[in-house]
Amino acid sequence: MTMRYGFIGLGNLGGHMAASLLREGFDVSVTDIDPSLAKRHLDMGKGCLWADTPADLARDCDAIITCLPSPAVSEKVLTEMLTTARPGTTWIEMSTLGRDDILRLATVASAKGIETMEAPVTGGVHLAAQGKITVLAGGEQHLFNKHKPAFEAMGDKIFHMGPLGSASIIKVITNMLAFIHLVADGEALMLAKRGGLDLKTAWEAIAASSGSSFVHETEGQLILNGSYDVAFNMDLALKDLGFAMNFGREFGVPMDLAGLTNQTFVRGKAAYGGDAQSTQIVKLLEDVLETDLRADGFSARLE
C-alpha cells in the first residue's frame with residue numbers, strides 16, 4: 001500500500017519541500033493557515049489533496065510533516081493532529097525547535113501512539129526549491145530507514161544525527177555559525193569598500209580565498225544587490241541564537257562570538273523590526289557609516 005504523507009506549513013521552506021515530495025511521486029495531503037499557498041501543490045496532480053485543518057489531514061495520513069514558525073505553533077498543531085491521527089502514525093517535525101521542546105512534544109504524541117522524528121533542514125530556501133536542502137534527522141533508526149526516501153526527495157544531503165534531540169543541537173549549531181559568518185562578512189565587505197576596492201572584485205577574491213564561507217557566497221550576494229531577500233527574519237535568527245546560548249550554559253561552553261552576535265541581532269531588531277530580513281544585520285554598519293555595500297551583477301534572490 002502506498003504511504004500518504006501529510007504536510008502542514010507551506011511557507012518559504014515547507015512549500016518547496018512539499019512540492020519536492022509531489023514531484024518525486026509521493027502522495028501528499030497539504031494544509032496551511034493560508035489556503036492560497038497550496039495552489040501550486042494542487043496543480044501538480046492527483047497525488048495532492050487539500051485538508052481544511054490539521055485534524056482533517058491527520059485522519060488519512062501515515063506520516064505527518066510539520067514545518068512551522070515556532071514551538072508554540074508546533075504544539076498547537078500537534079494538539080489538533082492528535083485528535084484524529086491513527087496509532088502508528090509518524091510525526092516528522094521539520095521546524096527548528098529547541099531540544100527540550102521536541103522531547104516534551106514527543107512524549108505527548110507517544111501517549112496517543114504516535115512516533116516522533118525531528119528533521120530540521122539547513123542550507124537556505126533556494127536549496128529547498130531545488131530539492132537539494134540538507135536534512136538533519138533525529139529519532140529511532142527504524143523510523144529513519146522508513147522515511148529516508150521522503151527525506152531524499154526533499155534534500156540531497158541526509159544526516160541521521162542520533163536519537164531524538166540530536167538534530168535540534170546540530171541545527172542550532174549550524175544556524176549559529178551562519179549568523180556569526182553573516183556579521184563577519186558585513187565587516188569584511190565594509191573594509192573592502194572603505195579601503196577603496198571594487199566590491200564585485202573583492203567579493204570574488206574572498207570567495208576564492210581561505211576566508212570564504214557558504215554565507216559569503218550566498219547571502220553576501222543579496223547584500224551587494226541590496227535586496228537582502230533571504231526569506232529569513234530577525235525574530236527567527238534571535239530564536240536560534242537564544243537556543244545556542246542556552247546550550248552554551250547547559251554544556252558549559254563559553255560562547256563569546258555567539259554572545260556578541262546575539263547582541264548585534266538584538267540591535268538589528270531594534271533598528272529594523274523583527275520581520276526585517278536577517279541579512280539586514282549588515283545594514284547596521286551601512287547606516288552608521290553612511291556607506292552602502294552595493295555592486296552590479298548580483299541577484300536579488302538566490303535561485
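# A tour of the predicted chain

Of the contacts in the chain with a separation of 6 or more, 68% are between residues 24 or more positions apart, a contact being heavy atoms within 4.5 Å. The model is predicted, so local features need pLDDT of at least 70 and side-chain atom pairs count only at pLDDT 80 or more, while totals for chains, interfaces and linings use all residues. Residues are numbered from 1 along each chain as its sequence is written, and side-chain values use heavy atoms, with hydrogens and water left out.

**Whole chain**

Start with the cartoon of the whole chain. There are 13 helices and nine strands; these are DSSP runs numbered from the N terminus, helices being H or I of at least four residues and strands E of at least two. The radius of gyration is 20 Å, close to the 19 Å that the globule rule gives for 303 residues, so the chain is as compact as a globular protein of that length. That radius is taken over C-alpha atoms, and the rule is 2.2 Å times the number of residues to the power 0.38. The C-alpha trace spans about 65 × 45 × 35 Å along its principal axes.

Switch to the surface. The chain exposes about 13,600 Å², and carbon and sulfur atoms supply 55% of it; areas come from the Shrake-Rupley method with a 1.4 Å probe, and for residues only the protein chains shown count as cover. Of the 303 residues, 53% are buried. Buried means under 20% relative accessible area and exposed over 50%, with partly exposed in between (1.4 Å probe, protein chains only).

**Helix 4**

Select residues 71–81, which are helix 4. Pro71, Ser74, Val77, Leu78 and Met81 are its buried residues. Seen down the helix axis they fall within an arc of 125°, so they line one face of helix 4; the arc is that of the directions from the helix axis to the C-beta atoms. On the face turned away from this buried side are the exposed residues Ala72 and Lys76.

**Helix 5**

Move to residues 99–110, helix 5. This helix of 12 residues reaches 16 Å from its first C-alpha to its last, close to the 16 Å expected at 1.5 Å a residue; the expected span is 1.5 Å times one less than the number of residues. Buried here are Arg99, Asp101, Ile102, Leu105, Ala106 and Ala109. They cover an arc of only 155° around the axis, which puts them on the same side of helix 5. Turn to the face away from the buried side to find the exposed residues Asp100 and Thr107. The buried residues of helix 5 pack against helix 4, strand 5 (90–93), strand 6 (115–118), helix 8 (166–194) and helix 11 (234–251).

**Ser20**

Select Ser20 in helix 1. Ser20 is buried, with a relative accessible area of 0%. Leaving aside residues up to four places away in sequence, Ser20 touches Ala128, Gly131, Ala153 and Met154. Draw a distance from the C-alpha of Ser20 to that of Gly155: the two atoms are separated by 8.7 Å, with the residues 135 apart along the chain.

**Aromatic pairs**

Next, show the aromatic side chains. The structure holds six aromatic pairs. Rings of Phe, Tyr and Trp (its six-membered ring) pair if their centres lie within 6.5 Å; planes under 30 degrees apart count as stacked, over 60 as edge-to-face and the rest as tilted.

Zoom in on Tyr5 and Phe26. Their ring centres are 5.7 Å apart and their planes at 80°, so the pair is edge-to-face. The pair links distant parts of the chain, with Tyr5 in strand 1 (residues 4–8) and Phe26, 21 residues apart from it, in the loop between helix 1 (14–23) and strand 2 (27–31). Tyr5 counts as buried at 1% relative accessibility.

Go on to Trp203 and Phe298. Here the centres are 5.2 Å apart and the planes at 75°, so this pair is edge-to-face. Trp203 is in helix 9 (residues 199–207), and Phe298 is in the segment after helix 13, 95 residues apart. Trp203 is buried at 13% relative accessible area, and Phe298 is buried at 10%.

Then select Phe179, Phe232 and Phe265, which form one aromatic cluster.

**Positive phi**

Two backbone positions remain. Most residues other than glycine have a negative phi. Tyr228 has a positive phi, near 60°; Tyr228 lies in the loop between helix 10 (214–225) and helix 11 and counts as buried at 5% relative accessibility. Glu290 has a positive phi near 50°. Find Glu290 in the segment after helix 13 (283–289), where Glu290 counts as exposed at 75% relative accessibility.
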